[in-house]
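User: Hi! Could you walk me through the pockets and the aromatic rings in this one?
Analyst: Happy to, let me bring it up.

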Amino acid sequence: MRYEVEGRELAEQPTAVVRARDVGVEEIGPFVGGAFGEVFGLLGRSGIAPAGPPFARYTLAGDGRFDVEAGVAVTGRVEPEGRVEASALPAGPAAVTLHEGPYDAVGAAYEAVTAWIEAHGGTPTEMGWEHYLNDPTAGEVPRTEVVIPYRID
């Protein structure tokens with residue numbers, strides 16, 4: 001797949017998330033699905049609207065395992081409840097691309113975004129995150145926006 005990568009200037013986005021540490025690849029899908037259920041449940045009970053699509057942010061924990069933060073940007077203040085807590089997606093420059101296809105093939109999108117950052121004189125500042133733009137359980141091909149913040153060296 002050919003990726004079109006673009007630079008964006010992001011504003012900080014308040015979020016509601018559930019975090020987990022040391023998650024294996026085979027555990028990511030069930031964790032993220034459950035986290036989204038908890039987050040959207042709290043938002044519904046609190047009258048807070050989502051301010052974008054759901055996302056998951058991954059940090060390599062070692063040995064093919066990840067620390068994961070899954071949730072959604074929000075329009076209001078989130079009071080922690082259960083495993084749901086307030087967080088934020090950072091402000092600043094980011095490189096973004098769209099991956100269409102299976103989640104297990106999204107690594108190529110990360111490679112394309114990282115290459116774009118480096119070609120533009122930058123360095124990624126963190127692992128980045130994925131916005132899930134549609135519902136593949138409804139028979140749609142998954143559409144995943146990959147976002148990686150960077151700094152210019």
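Analyst: One term before we start: a pocket here is an open set of grid points where a 1.4 Å probe fits, with protein on both sides within 12 Å along at least five of seven lines. Also, keep in mind that this is a predicted model.

User: Good. How much space lies in the largest pocket?
Analyst: About 650 Å³. Its lining has 21 residues, and Ile28, Tyr58, Tyr103, Glu130 and Tyr132 are the closest to the centre.

User: Which element gives the largest share of that lining?
Analyst: That would be helix H1, with six residues. H1 covers 25-46, and strand S3 (50-62), helix H2 (107-119) and strand S8 (129-132) also supply at least two residues each.

User: And how does the lining of the largest pocket divide into nonpolar, polar and charged?
Analyst: There are 13 nonpolar residues, five polar and three charged.

User: What about the second largest pocket, how much space is there?
Analyst: About 170 Å³. It has 16 lining residues, with Leu10, Gln13, Trp129, His131 and Glu145 nearest its centre. Here S3 makes the largest share, four residues. By class, the lining of the second largest pocket has eleven nonpolar, three polar and two charged residues.

User: Switching to rings: how many aromatic pairs does the structure hold?
Analyst: Four. In one of them, Tyr58 and Phe66 have ring centres 6.2 Å apart and planes at 75°.

User: Why is the pair of Tyr58 and Phe66 edge-to-face?
Analyst: Because planes over 60 degrees apart count as edge-to-face, and the angle for Tyr58 and Phe66 is 75°.

User: Are those two buried or exposed?
Analyst: Tyr58 is buried, because its relative accessibility is 11% and the cut-off for buried is under 20%. Phe66 counts as buried too, at 18%.

User: Which residues do ring pairs link into a cluster?
Analyst: Phe36, Tyr103 and Tyr132. Tyr103 and Tyr132 are also among the residues closest to the centre of the largest pocket.

User: Back to H1. Which of its residues are buried?
Analyst: Ile28, Phe31, Val32, Ala35, Phe36, Val39, Leu42 and Leu43. The buried residues of H1 pack against strand S2 (13-24), S3, strand S4 (65-74) and S8.

User: How does the span of H1 work out?
Analyst: It agrees with expectation: at 1.5 Å a residue, its 22 residues should span 32 Å, and the end C-alpha atoms are 32 Å apart.

User: What comes just after H1?
Analyst: Gly47, which takes a positive phi of about 70°.

Note on methods: Residues are numbered from 1 along each chain as its sequence is written. This is a predicted model: local features need pLDDT of at least 70, side-chain atom pairs count only at pLDDT 80 or more; totals for chains, interfaces and linings use all residues. Side-chain values use heavy atoms; hydrogens and water are left out. On a 1 Å grid over the protein atoms alone, a cavity is a set of points where a 1.4 Å probe fits but cannot get out, and a pocket is an open set with protein on both sides within 12 Å along at least five of seven lines; lining residues have an atom within 4 Å of a point. Grid points are joined across faces, edges and corners, and a volume is the space filled by probe spheres set on the points. Ala, Val, Leu, Ile, Met, Phe, Trp, Tyr, Cys and Pro count as nonpolar, Asp, Glu, Lys and Arg as charged, and the others, Gly among them, as polar. Rings of Phe, Tyr and Trp (its six-membered ring) pair if their centres lie within 6.5 Å; planes under 30 degrees apart count as stacked, over 60 as edge-to-face and the rest as tilted. Buried means under 20% relative accessible area, exposed over 50%, partly exposed in between (1.4 Å probe, protein chains only). The expected span of a helix is 1.5 Å times one less than its number of residues. Contact means heavy atoms within 4.5 Å.
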